[in-house]
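Thank you all for coming. Please take a moment to look at the chain on the screen before I walk you through a few parts of it.

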Amino acid sequence: MATSPPRVSPRRHRHRHRRHRASRRRSPRSRTPRRPRPPNRLSRYRRPPRRPPRKQLPRTPCRGRPNRRKPSRPDRRSRSPACPPRTRTTASSPARCARTAKRFPTASPKTTPTAPRSPKPTTRNSAWLAAAPPPPTPRTAAATGPPSNTWSADRSSIKYDSLGGALSFLGFPTSNELVNPDIHGRRQTFVNGPIYWSAASGAHPVLNHFFAAWARNGWESGVLKYPTTDEIVNPDGIGRRQEFQGGTIYWRLNEAYFVGGAIRDKWNTTGAERGGSLLGYPTSDEIRLPDGQGRMNRFERGVIYWHPATGARPIVGAVLDQWSAAGYERSSFGYPNGDPINDGRDLRQQFQNGVIHTPGTAIPLGGGLSLTYGVSAPGTLQSATLPNGISYSGPGFRVALRITPSRSLANVELSILDAQAPPQLKLVFGLPAGLSLRTSGRSIEIVDSAGRVVADIGGPIAADAAKTGLSLQTSVEGNQLVYQVGVAQSRPLPVTVLHNVASETTEDYNPYYRIGGYTSLVCGNNPYDCGRSVRAHFDSQEQSERHFPHHLGSSGPLYQDDQLDADRHCLWQAMTTEASNAEFASLLGDAHERDKYTTDDAAIMDQYNNITGRAVGLRNEGNVSGIISTCNSYADYARIINPEDIGSVDQSNPNANDLIALFAP
């Protein structure tokens with residue numbers, strides 16, 4: 001089979017390709033340089049301007065400069081000494097020699113690298129060796145031991161690793177090493193708290209409440225400065241503490257507060273936070289006082305005040321109540337300059353301008369509030385225990401403070417013994433917040449912020465040695481009741497001043513315990529008899545409560561409380577009759593019923609029992625113990641009368657040998 005001839009392109013195609021190839025050839029004319037185009041200033045492809053030519057300086061021979069040709073032997077340049085310094089700084093400097101040497105290493109890749117050989121100390125290269133920087137020191141692990149004065153991130157990592165690293169309570173890190181504002185310390189933050197370091201304190205974590213208290217007081221720039229320990233468990237097993245350079249932060253189930261300086265030292269002497277200590281845990285940070293000099297800390301059971309002139313002093317109990325109600329360090333007492341002294345019956349403390357003495361007893365005011373009271377004097381008083389209270393003796397005077405078992409009635413008896421007595425004597429009251437003293441007629445009322453009376457301090461009744469009544473002026477200074485006793489010194493001594501402090505435990509306030517307006521009028525008209533018998537009001541209350549202790553605050557049948565009330569009326573009228581006379585006792589009883597009137601049924605019951613009481617007083621003249629036993633016996637067997645049958649009772653009580661009590665079904 002014959003083969004077909006090769007396929008040949010048409011002539012016209014060959015011609016076209018020939019013309020195309022011919023067009024690519026340049027003619028001699030086309031090889032002439034073209035005219036340069038003007039530069040386009042907006043073109044993004046504009047060539048940058050040429051750098052000016054580098055200044056050429058004469059070069060000196062450099063034996064250490066390697067040949068740019070490939071060396072025939074690996075150690076060819078190792079035998080050449082380094083370049084000497086040139087006379088002028090040029091591009092061919094020792095640094096260039098170093099860069100050139102780096103491009104052509106002296107050691108072969110197949111050989112083991114060895115330490116570079118030091119150049120020989122020749123005169124030619126000694127100057128360059130002196131100017132060259134020292135070789136870098138390889139980083140090694142931080143040594144364990146006491147911290148030096150320089151920071152190393154290894155210290156943070158050592159502390160972090162010692163706590164357990166990422167599996168510890170800190171969690172993962174959230175920052176690198178940070179420089180503190182004081183420049184000296186360092187810190188690093190983690191998920192649950194930071195680690196702080198300083199040369200003097202070392203590295204310690206600060207977390208949660210401790211960190212909040214530390215931040216509240218200025219971090220490391222504040223009074224606490226840097227932490228010196230981790231958290232420490234207190235001996236009670238509940239609280240925690242952490243030591244800082246400027247103090248200690250304590251925490252216990254609520255919040256963390258710091259104690260420092262002289263206040264912390266004094267707190268430690270009182271037992272610190274341990275169980276049974278004087279003060280307990282702190283409840284506030286150290287507070288700067290308004291005068292700019294003093295400092296204070298609050299604790300669970302008191303406070304500690306510090307002043308440069310007095311030092312650190314704790315204040316607790318009723319003394320704190322009375323001093324705070326007077327105005328703290330801004331009051332007339334000033335700062336404390338002595339520790340509290342408690343001998344079991346008297347709590348006293350010396351201040352800059354006087355001493356506060358208090359028995360520590362409190363009168364309930366309702367609503368969980370209570371009233372404490374005491375005596376303020378220029379110096380220390382002698383105390384003595386009474387069966388129902390305490391007495392204080394000073395130069396020329398004596399004050400007896402008594403209280404009933406229910407603590408609803410207190411009696412104050414002031415005796416001016418001789419001319420050495422001061423012109424003023426003061427009672428100080430620990431008023432709760434929101435309460436104040438107010439003068440009202442012949443009495444001093446204790447009122448709340450709304451003006452409601454919650455307790456009453458009856459007007460004083462005074463009599464001299466001749467049993468002659470006299471008017472004793474009183475005034476109110478803040479939380480203090482001031483007696484002006486100068487007028488009494490001109491009368492036959494001793495002068496006795498009596499009055500009651502009345503409240504109520506089961507009700508907001510009951511005027512039964514006060515010496516009301518009608519009672520005060522009777523006493524004003526009969527000062528001699530009133531001065532002799534005013535103590536009977538308090539003594540009858542005390543004896544009836546002692547005989548019926550289970551009836552105090554009773555929630556049972558009403559007649560149980562009326563038995564106690566019947567006993568009180570019998571004792572009061574009998575003691576008043578024995579101290580003065582039956583006629584005055586009758587006037588006083590009628591005035592009292594008008595002052596505290598409640599219902600007709602209760603008024604009939606009280607009048608009936610008052611008659612029996614006066615009869616008991618006449619039958620037991622000079623025999624107070626006989627009065628007490630007789631009235632208590634009558635009260636035990638008191639007749640229980642229904643309120644609807646009270647009209648059948650003979651109100652004249654001809655026999656006067658029994659008592660009655662109302663029954664409420």
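Predicted model: local features only at pLDDT ≥ 70, side-chain atom pairs only at ≥ 80, totals over all residues.

Let me begin with a question: which residues of α12 are buried? They are F584, A585, L588, G589, A591, H592 and E593, where buried means under 20% relative accessible area, taken with a 1.4 Å probe and protein chains only.

Residues are numbered from 1 along each chain as its sequence is written, and side-chain values use heavy atoms, with hydrogens and water left out.

Staying with α12, this helix covers residues 582-595, and its 14 residues reach 20 Å from the first C-alpha to the last, close to the 20 Å expected at 1.5 Å a residue, the expected span being 1.5 Å times one less than the number of residues. At the start of α12, a side-chain oxygen of N581 comes to within 3.2 Å of the backbone nitrogen of E583.

Stepping back to the whole chain, there are 14 helices and 32 strands, which are DSSP runs numbered from the N terminus, helices being H or I with at least four residues and strands E with at least two. Of the 665 residues, 42% count as buried.

Now to the strands, where two of them pair if DSSP finds at least two bridges between them. Two bridges join β1 to β2, residues 186-190, and L178 stands opposite R187 in β2.

Another open sheet of four strands, also antiparallel in its pairing, has the order β5-β6-β7-β8, with β5 (232-233) and β8 (256-259) as the edge strands, each pairing on one side only. Here β5 and β6, residues 240-244, pair over two bridges, and V233 stands opposite R240 in β6.

I would like to finish with D567, which is found in helix α11, residues 558-579. Why does D567 count as buried? It does so because its relative accessible area is 0%. Leaving aside residues up to four places away in sequence, D567 touches S544, H547, F548, C631, N632, A635 and L659, where a contact means heavy atoms within 4.5 Å. The C-alpha atoms of D567 and S544 are separated by 5.8 Å, although these residues are 23 residues apart along the chain.

Terms used. Buried < 20%, exposed > 50% of the residue type's maximum accessible area, 1.4 Å probe, protein only. Polar contact = N/O pair within 3.5 Å; in protein donor to acceptor, adjacent residues only side chain to side chain.
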